[in-house]
Amino acid sequence: MQRQTTITENSMIWCGAGISIAEILTGTYLAPLGFTKGIAVIIIGHIIGCFLLFLAGIIGGQQRLSSMNAAKISFGQNGSKFFALLNVLQLIGWTGIMIYDGALAANGVWHLNQALWVIFDWSTHYLLAARRGSAPLLP
């Protein structure tokens with residue numbers, strides 16, 4: 001039986017995805033505007049992003065579907081596959097950013113080689129995913 005989400009659940013999931021310390025930290029890599037301008041850009045970006053993601057959550061909640069299934073309503077089966085592919089690519093990229101941030105933090109505490117922390121962080125994530133059955137095992 002597939003669990004269906006409510007409007008509130010979908011909206012909170014997508015608003016939560018739009019607000020995170022990791023995203024703010026990543027914004028500092030891409031936009032060295034100084035403190036005042038940087039905070040302003042981050043706040044404005046989060047307001048815009050959260051609003052759009054909130055609307056996506058409402059659509060899914062009203063239809064009692066996940067966001068990917070709700071995309072089928074507007075874009076059809078093939079269109080939803082395109083958005084699923086974009087989501088996979090985005091998740092791969094975001095995983096890379098999280099591994100990099102984890103390596104920076106660990107290296108800041110233990111002062112070892114940052115590349116070693118990247119390898120350790122990646123392999124830890126991979127092994128945990130494989131244990132849950134959500135990552136293919138290496139041959």
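1. A word on the model. This is a predicted model, in which local features need pLDDT of at least 70, side-chain atom pairs count only at pLDDT 80 or more, and totals for chains, interfaces and linings use all residues. Residues are numbered from 1 along each chain as its sequence is written, and side-chain values use heavy atoms, with hydrogens and water left out.

2. Phi of His 111 is near 50°, a positive value in a residue other than glycine. His 111 is also exposed, with a relative accessible area of 61%. Here buried means under 20% relative accessible area, exposed means over 50%, and partly exposed is in between (1.4 Å probe, protein chains only). Helices are DSSP runs of H or I with at least four residues, numbered from the N terminus.

3. Helix 5 and its length. How does the span of helix 5 compare with what 1.5 Å a residue should give? Its 19 residues should span 27 Å, and the end C-alpha atoms are 27 Å apart, which agrees. The expected span is 1.5 Å times one less than the number of residues. Trp 117, Asp 121, Tyr 126, Ala 129 and Ala 130 are buried in this helix, and what covers the buried residues includes helix 4.

4. Aromatic rings. A search of the whole structure finds three aromatic pairs. One of them joins Trp 117 and Phe 120, edge-to-face, with 5.8 Å centre to centre and 85° between the planes. Rings of Phe, Tyr and Trp (its six-membered ring) pair if their centres lie within 6.5 Å; planes under 30 degrees apart count as stacked, over 60 as edge-to-face and the rest as tilted. Both residues lie in helix 5 (residues 114-132), three residues apart, about one turn of the helix. Ring pairs also link Trp 110, Trp 117 and Phe 120 into a cluster.

5. A stacked pair. Why is the pair of Trp 122 and Tyr 126 stacked? The ring centres are 5.2 Å apart and the planes are at 20°, so the pair of Trp 122 and Tyr 126 counts as stacked. These two are four residues apart in helix 5, about one helical turn. An α-helix has 3.6 residues a turn, so residues three or four places apart point the same way. Trp 122 is partly exposed, with a relative accessible area of 42%, whereas Tyr 126 is buried at 17%.

6. Inside helix 4. Ser 80 lies in helix 4 (residues 67-110). Is Ser 80 buried or exposed? Ser 80 is buried, with a relative accessible area of 5%. Leaving aside neighbours within four places in sequence, Ser 80 is in contact (heavy atoms within 4.5 Å) with Met 68, Ala 71, Lys 72 and Phe 75.

7. Leu 86 on helix 4. Leu 86 is found in helix 4 too, but this residue is partly exposed, with a relative accessible area of 38%.

8. Helix 3. The 29 residues of helix 3 (residues 35-63) should span 42 Å at 1.5 Å a residue, and its end C-alpha atoms are 42 Å apart, which agrees. Its buried residues are Gly 38, Ile 42, His 46, Cys 50, Gly 57, Gly 60 and Gly 61. Arg 64 follows helix 3, and its phi is positive, near 60°.
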